[in-house]
Amino acid sequence: MNWDKSEKLFGRAQELIPGGVNSPVRAFGAVGRHPFFVERAQGPWLYDADGNQYLDYVCSWGPGILGHAHPRVIEAVQKACANGLTFGAPTAKEVELAELIHTCVPDVEMVRLVSSGTEAVMSAVRAARGFTGREKIIKFAGNYHGHADGLLVKAGSGLMTQSVPDSAGVPAGYAASTLTAVYNDEASVRTLLEEHHGQVAAIVVEPVAANMGVVVPKKGFLEFLRRITKEQGTILIFDEVITGFRLALGGASQYTGVQADLHTFGKIVGGGMPLAAYGGRRDIMSCVAPLGQVYQAGTLSGNPVAVTAGIETLKILIEDTGIYERIDRRAQTLAAAFQNAGLTVNRAGSLLSAFFTPGFGEKAGRVENYEDACACDTKAFAAYFNSMLNRGIYVAPSQFEAMFVSDAHTDALIKMTCEVIAEECS
Ligand code: KE4
């Protein structure tokens with residue numbers, strides 16, 4: 001493949017944009033090469049500036065459940081644009097999207113639209129703190145919730161201490177209110193809740209983790225979180241920016257049977273446009289301005305063009321819930337191909353990751369938390385990424401990201417992918 005045009009664009013981009021990209025993972029730093037620059041996308045395919053074609057399993061990190069440029073979504077967005085791009089005033093479409101979200105996820109009794117997953121999680125945490133009057137929150141090592149200061153933290157030395165900033169520029173004071181537990185480890189949660197009894201406003205969790213690679217909750221883990229948060233008067237926040245409308249139409253609640261107090265959504269809910277949302281129990285959401293005292297605002301919140309993309313996407317998913325059976329089945333086929341190549345696979349519906357655990361190829365290990373994920377061979381992953389890319393298959397450029405299957409990934413394309421996996425991974 002030739003990447004001359006992408007190389008030139010990357011050179012120009014680095015002059016004016018930090019790292020040449022507008023989000024770090026896109027720089028391909030973890031896989032030791034420069035990024036290609038995308039020109040257009042259609043269905044399961046990406047086309048770059050040099051005319052190379054890739055079968056896309058990143059799907060823009062999740063929004064692309066229907067495949068790129070779905071004709072119904074594009075037509076609706078084009079029509080919406082002709083009526084004006086933004087008004088800064090309420091529109092009927094925002095009500096319609098709120099109603100669709102409630103239809104899909106009934107325990108979302110009230111919802112606020114925002115512009116990014118980061119904003120959704122930041123605001124949900126603020127609502128939980130405002131509602132409970134408590135300051136501390138618990139998150140899990142390996143879970144990513146966007147780049148709000150208080151969530152860019154990692155476990156301090158030993159679980160009994162506060163978290164420490166996981167990024168320059170985050171004041172220690174912000175990190176101090178965030179406690180870090182171990183995913184799938186009930187004792188680590190119980191210890192923190194005992195240590196900080198009556199002080200924890202919320203536990204925020206990815207109900208299926210997808211930012212340390214995919215790590216599924218052990219049997220009973222989410223039920224434990226639901227039970228202990230109820231006992232402690234702590235708000236349970238499901239960060240569903242990835243799992244929302246992905247695992248099922250009703251997201252993680254439908255997929256796992258566990259109800260949260262608040263949910264955050266992104267990616268699919270905006271149909272690929274800059275739109276996200278947070279919502280849940282009416283008593284909590286009634287604390288949000290202008291109804292309550294928790295302030296949150298946004299110039300482009302509920303933007304009519306973005307909302308149109310979200311509405312059309314959810315309507316298509318509601319009209320054809322068979323999509324979920326199709327993409328789950330295809331993801332299962334991919335998972336089997338990776339397992340046959342000797343890799344560890346974690347999968348939840350159409351979300352999966354192949355891990356290069358120590359001893360991969362012979363004895364595939366388990367990945368149940370962040371420590372397990374960090375033990376993976378990232379060099380071997382980088383070699384796998386590049387060999388797949390050279391075969392025209394684009395998977396996430398990091399061991400700690402997920403693979404997404406869309407409705408545009410036909411059975412034939414899945415079969416072709418499995419053949420390439422067998423050739424490149426064994
Ligand atoms: P955004 O602010 O990127 O819309 O959403 C932040 C976010 C919140 N919660 C979860 C569970 C998320 O996965 C994300 C963002 N996901 C990453 C990919 N793992 C976005 C890709 C990127 O950072 O460029």
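Select asparagine 211 and the ligand. In this predicted model, an N or O atom in the side chain of asparagine 211 sits 2.5 Å from a nitrogen atom of the ligand.

How much of the ligand's accessible area does the protein cover? On its own, the ligand has 540 Å² of accessible area, and the protein covers 85% of that.

Next, show the whole shell. Colour the shell by class.

Select α3, residues 92-104, and α10, residues 304-319. Their axes are 9 Å apart, and the helices pack at an angle of about 35 degrees. Is the crossing left-handed or right-handed? The crossing of α3 and α10 is left-handed.

Show the side chains where these helices meet. From α3, pick Lys93, Glu94, Glu96, Leu97, Leu100, Ile101 and Cys104. From α10, pick Pro304, Val307, Thr308, Gly310, Ile311, Leu314, Lys315 and Ile318. By class, the residues of this contact are 9 nonpolar, 4 charged and 2 polar.

Now step into the loop between α9 (282-285) and α10, and select proline 290 there. Which form does the peptide bond from alanine 289 to proline 290 take, cis or trans? This bond is cis, with omega near 5 degrees.

For the last stop, go to the loop between β3 (53-56) and α2 (71-82) and select cysteine 59. Check its backbone angles. Phi of cysteine 59 is near 50 degrees. That is a positive value in a residue other than glycine.

Methods:
Residues are numbered from 1 along each chain as its sequence is written. This is a predicted model: local features need pLDDT of at least 70, side-chain atom pairs count only at pLDDT 80 or more; totals for chains, interfaces and linings use all residues. Side-chain values use heavy atoms; hydrogens and water are left out. Axes are lines fitted to C-alpha atoms, for helices over the stretch in contact, and angles run from 0 to 180 degrees between N-to-C directions. Helices (H or I, at least four residues) and strands (E, at least two) are DSSP runs, numbered from the N terminus. A crossing is left-handed if the near helix is turned anticlockwise from the far one by less than a right angle, and right-handed if clockwise. Contact means heavy atoms within 4.5 Å. Ala, Val, Leu, Ile, Met, Phe, Trp, Tyr, Cys and Pro count as nonpolar, Asp, Glu, Lys and Arg as charged, and the others, Gly among them, as polar. A polar contact is a pair of N or O atoms within 3.5 Å; within protein, one must be able to donate a hydrogen and the other to accept it, and residues adjacent in sequence count only if both atoms are side-chain atoms. Accessible areas come from the Shrake-Rupley method with a 1.4 Å probe; for residues, only the protein chains shown count as cover.
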